[in-house]
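Subject: Structure handover

Hello,

Here is the structure I promised to pass on. My notes follow below it.

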Amino acid sequence: MENEPLVYLNGKYVPKSEAKVSVYDHGLLYGDGVFEGIRAYEGIVFQLKEHIDRLFESAGYIELAIPLGKKQITDALLETLRKNRLKNAYIRLVVTRGVGDLGVNPKLCKDSTVVIIAEPVKIAAIPTEPRVVSTMISAVRRDSVDATSHEVKTLNYMNSILAMIEANHAGVDYPVMLDSRGFVSEGPTMNIFIVKKGVIMTPATSAAILHGITRARFLSVCKDLGYETIEKDITSFELVTADEAFFTGTLAELVAIGTVNRKQIGGGAPGQVTKRVYKEFVKVTRSPEEGTPVYEAERVKTRTKH
Ligand SMILES: Cc1ncc(COP(=O)(O)O)c(C=O)c1O
């Protein structure tokens, strides 16, 4: 097929229709692998270093050898964007344990599989207010920190998927998951924040959450804007009675929570704090200083404009 997107697969850039991995790959058989979801805005990959660092931390935790160094994998990711002539994109970087036998033992997998997919993201005018979603507190608990830890960004998302199925059945957009102790943890692919009396709060990393890159950058943006921020255990009561609440994540950016269990948060629309931090955060994600340039010439052009 002509003009097919090119996918990086184990050192080669292959057309999408030929980007295939073995049915014996332990990523498929057991969810044995790690990944990152990354955004590029106007030719700048947002927080790329942080994503690459987290990928290597996740891989290190599950003793998965990545066959490329950090620089090599960064170069491959940038080249995937260049080969597809993309400036605004969502990038999926995946490393699986590779081909083994049907047994679970990872020892038999000799070479890991590295995949980089980049897809265009249409950037229309940036909405002035965030999207609003409905949520429910899920009966599916986040796996505890001493189980399939969600601090590791692995290919095993069944915990999130079960909660998403429950939300689909209930007719709401997203589940909010509690951790094994009963404290608020996160959404299926997003971290959660609440606002009470002008203070911005989010679960501490002890609440079995993924250490979100958006969460971390977002917290510093809130501090820069002069807000008090607290990382602490949050109860369902605190969530439901919050003045405002929202999710953050690489793909979603910031999404306002309108309802929890059909109870409105604030007036069911984005509150003042949410709107202010959203506006600032959107600016930060699109700032040339926040990431890695894909096309060096673009970077130079942007610099001279300022
Ligand atoms: C479970 C979970 N929590 C939170 C996030 C948000 O993390 P980040 O901001 O790094 O995208 C993700 C992103 O995929 C996720 O899968």
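How many residues of domain 1 are in contact with domain 2? There are 21, and they touch 10 residues of domain 2. Contact here means C-beta atoms, placed from the backbone, within 7 Å.

Before the rest, two notes on the basis. This is a predicted model: local features need pLDDT of at least 70, side-chain atom pairs count only at pLDDT 80 or more, and totals for chains, interfaces and linings use all residues. Residues are numbered from 1 along each chain as its sequence is written.

**Domains**

Domain 1 covers 6-120 and domain 2 covers 132-285. These bounds come from an automatic or database domain assignment. The C-alpha centres of the two domains lie 26 Å apart. On the side of domain 1 that touches domain 2, β3, α2 and β5 each give two or more residues. β3 gives the most, with 8 residues. That side divides into 8 nonpolar, 8 polar and 5 charged residues. The classes: Ala, Val, Leu, Ile, Met, Phe, Trp, Tyr, Cys and Pro are nonpolar, Asp, Glu, Lys and Arg charged, and the others, Gly among them, polar. Helices (H or I, at least four residues) and strands (E, at least two) are DSSP runs, numbered from the N terminus.

**Sheet**

An open sheet of 7 strands runs in the order β2-β1-β6-β5-β3-β4-β16, with antiparallel pairing. Pairing requires at least two DSSP bridges between two strands. β2 (12-15) and β16 (291-293) are the edge strands, each with a single partner, so one side of each has no neighbour in the sheet. β1 (residues 6-9) and β6 (residues 113-120) pair over 2 bridges. Tyr8 stands opposite Ile116 in β6.

**Ligand shell**

The ligand has 15 residues around it, with Leu210, Gly212, Ile213, Thr214 and Thr250 coming nearest. A residue counts as near if its C-beta atom, placed from the backbone, lies within 6 Å. α5 (213-224) and β13 (244-249) each supply at least two residues of the shell. The largest share, 3 residues, comes from α5. By class, the shell holds 3 nonpolar, 10 polar and 2 charged residues.

**Tyr278**

Tyr278 sits in helix α7 (residues 272-285). Is Tyr278 buried or exposed? Tyr278 counts as buried because 24 C-beta neighbours lie inside 10 Å. The cut-offs are 20 or more other C-beta atoms within 10 Å for buried, 12 or fewer for exposed, and partly exposed in between, with C-beta atoms placed from the backbone. Leaving aside neighbours within four places in sequence, Tyr278 is in contact with Pro130 and Leu254.

Best wishes

How values were computed
Two residues are in contact if their C-beta atoms, placed from the backbone, lie within 7 Å.
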